[in-house]
Number of protein chains: 2
Amino acid sequence: MLKAAVTIHDVAKAAGVSIGTVSKVLNNQGRFTEETRIRVRQSAESLRFQPNALAQSLHQKRSYTVGLVSRDSFGRFSLPLLEGIENALDPARMAVFVCKPTDDPVHERRHIESLMAKRVDGLIVTSRRTDKRPPVDLAGTSMPVVYAYAQPEGSEAVCVLPDDRGGGQLAGQHLLCLGRTALAHVTGPEHFTAVRERRQGFEEALREAGRSLDPDWYLSGPWSEAWGHEAVGRLLEHGPRFDAIFCGSDQIARGVADALRERGLRVPEDVALVGYDNWDIIAAATRPPLTTIDPCLETLGQQAASCLLAMIAGAEATVPRVIRHPCRLVVRQSCGGEALL
Amino acid sequence: MLKAAVTIHDVAKAAGVSIGTVSKVLNNQGRFTEETRIRVRQSAESLRFQPNALAQSLHQKRSYTVGLVSRDSFGRFSLPLLEGIENALDPARMAVFVCKPTDDPVHERRHIESLMAKRVDGLIVTSRRTDKRPPVDLAGTSMPVVYAYAQPEGSEAVCVLPDDRGGGQLAGQHLLCLGRTALAHVTGPEHFTAVRERRQGFEEALREAGRSLDPDWYLSGPWSEAWGHEAVGRLLEHGPRFDAIFCGSDQIARGVADALRERGLRVPEDVALVGYDNWDIIAAATRPPLTTIDPCLETLGQQAASCLLAMIAGAEATVPRVIRHPCRLVVRQSCGGEALL
């Protein structure tokens, strides 16, 4: 026979004291004999008593909960973010409420109202892309909010974004260091901020080396393997003079790798390849496995949650407004540079 | 200047009534004049008052929250499950707490204790595989629990599992219906329950058609593209006499498809292929795109959450103990059967 949750009354009865005494002993308050304190603690432990966190939250005006509002259908980006957020919040004994992701502002507002009614201590807002979005509507009240892999337009809110420009730069520098001189760039749709920023960083690296990106060797298209495949055909219309391709995503890079192999070009001997995302399932399965840029989403989520914890603790002034989280170069075999490491 | 959350006191002050009156009017209790009721509601609305859900929860002994305990690092399986769980809970205005996934029983117990302290109305326990696991430790108390894509050993708990045997059967039947007669099976490690169940269903379909699985054509190995690639070499040691391969995962099927193409065998003309998982990123990008079995994890999650809602509502007796959620055949181009649909 299962029993209902153990209450403070059960502990008081077992220890032969009042519930006020139990409450004070467990909260390290009041003055009691050592014997009473031990008896209360032992009773609570043997009954496996759990203090009612709801009652504590009402009392402390803190719920030890955080709401996660997402526009990404639990997809590629929110996963590692969530993992990082949990890594930061778990040691602080904070729990995360997740809401059904939605692009509909009416639904989003309803979710936020429901989180506010649950008296969450703060919000993390995330998205499937880093482009600007309207800020969340807090009905005029104050509440710590951090945007992670998302940025609000016309707002002073704290946001943590991947350093996509730095990522593009890393890719360019790596290829140039390996002695490649004719660099192409096959990437995603230009209306993505990330596409423009990655290209910008890549061109900066070329410029620093006294080079520039040949317009014939810059191709923008959909975020897909099929596009990578097709882009190789387009690049080859100008002859196989390029010796490296920086791809805007691992999926594009995988299509590029397959198409090069089918046309008899060897990776990395003839053409070095750099991907973007370090999406294991794609990057590690490509032949050869992809050297790629990792936007470090897990540590980005961790940093966002740490900022939120600081804000909840009242240290908002110490938190910078816009944080660019650095990317990391992950060397596999598609550039042939692994022997140098 | 941001203001703190609006309280019931603010509403009472604005409407010129007591907080007791506000509480009763908003909960449709007590007897008041139409004029008072309208004034209270208008004050609440204009101040965008949110009742304190914590206080309501304490009062109603229900928190309208559910905890999700996972052993899958927010991976491939828990994502669509979470999506389905949200689909079922959102209309019931229930929110989901997620915990950092862990395989460590001590951490898991700490998470469950913390969820119990938050007085969640129920728990959903999920995993990265369907094999039996120890039941969660509820410290002897009663609480509605549903296992989704997970099953507890030696327990009468409710669990919702994919019908992997039915999935294997679907794959076999589809290939036989298309006139294939020499069927091979390349799958994952045999210590996975799912591997054994899929094979069982596949063999049942063969048996019904008066055939059996040739032991030379059954290959078990890791869950990877590389294994699919390697398995083709092993199958061909016995000559290219097979005309169809049922693969235990889309990743294995993708490796198989690449290896067949590289050896000059055409899919589907020479060899028809069926995958498993309907993992879009793999299945749709394979050349040709994979016909595959979809375990329908999203609706599985939805069904698990619906069972939990019924249990929370006190209708536990109406909920079956073990639910096998059906799989679905998704026809793309790797079997050549799409013209028949």
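**Close-up views of a two-chain predicted model**

**View 1. The side of chain B that touches chain A.** In this predicted model, 56 residues of chain B are in contact (heavy atoms within 4.5 Å) with 56 residues of chain A. Residues are numbered from 1 along each chain as its sequence is written, chains are lettered from A and ligands numbered from 1 in the order in which they are written, and side-chain values use heavy atoms, with hydrogens and water left out. Because the model is predicted, local features need pLDDT of at least 70 and side-chain atom pairs count only at pLDDT 80 or more, while totals for chains, interfaces and linings use all residues. The size of an interface is often given as the accessible area lost when the parts come together. Here the buried area is about 5,400 Å², taken as the accessible area (1.4 Å probe) that the two parts lose on being put together, summed over both. Carbon and sulfur atoms give 53% of that area.

**View 2. How the two copies are related.**

**View 3. A salt bridge from chain to chain.** Side chains of opposite charge can pair when their charged atoms come close. Between chain B and chain A there are eleven salt bridges, each a side-chain nitrogen of Lys or Arg within 4 Å of a carboxyl oxygen of Asp or Glu. One of them pairs Arg110(A) with Asp90(B) at 3.2 Å, N to O. Arg110(A) belongs to helix H6 of chain A and Asp90(B) to the loop between H5 and S2 of chain B, so the pair joins two chains. Helices (H or I, at least four residues) and strands (E, at least two) are DSSP runs, numbered from the N terminus. Asp90(B) is buried at 16% relative accessibility, whereas Arg110(A) is partly exposed at 25%; buried means under 20% relative accessible area, exposed over 50%, and partly exposed in between (1.4 Å probe, protein chains only).

View 4. Arg254(A), Arg287(A), Glu225(B), Asp258(B), Arg261(B) and Glu262(B) are linked in a network of salt bridges.

View 5. Over all chains, the whole structure has 49 salt bridges. In one of these, the side chains of Arg128(A) and Asp103(A) meet at 3.2 Å, N to O. The pair links distant parts of the chain, 25 residues apart: Arg128(A) sits in the loop between strand S3 (122-126) and strand S4 (132-133), and Asp103(A) in the loop between strand S2 (95-98) and helix H6 (105-117). Arg128(A) is partly exposed at 35%, and Asp103(A) is partly exposed at 45%. The other pair shown is Arg261(A) with Asp258(A), whose closest N and O atoms are 3.0 Å apart. Both residues lie in helix H10 (residues 250-262) of chain A, three residues apart, about one turn of the helix. Arg261(A) is partly exposed at 30%, but Asp258(A) is buried at 5%.

**View 6. The surroundings of Gln151(B).** Gln151(B) is in strand S6 (residues 151-152) of chain B and is buried, with a relative accessible area of 12%. Leaving out residues up to four places away in sequence, Gln151(B) touches Thr130(B), Asp131(B), Lys132(B), Arg133(B), Cys159(B) and Leu161(B). A polar atom of the Gln151(B) side chain lies 3.2 Å from the backbone oxygen of Thr130(B).

**View 7. Ala55(A) and Phe246(A).** Ala55(A) is found in helix H4 (residues 53-60) of chain A and is partly exposed at 32% relative accessibility. Its C-alpha is separated by 55 Å from that of Phe246(A), 191 residues apart along the chain.

Notes:
A polar contact is a pair of N or O atoms within 3.5 Å; within protein, one must be able to donate a hydrogen and the other to accept it, and residues adjacent in sequence count only if both atoms are side-chain atoms.
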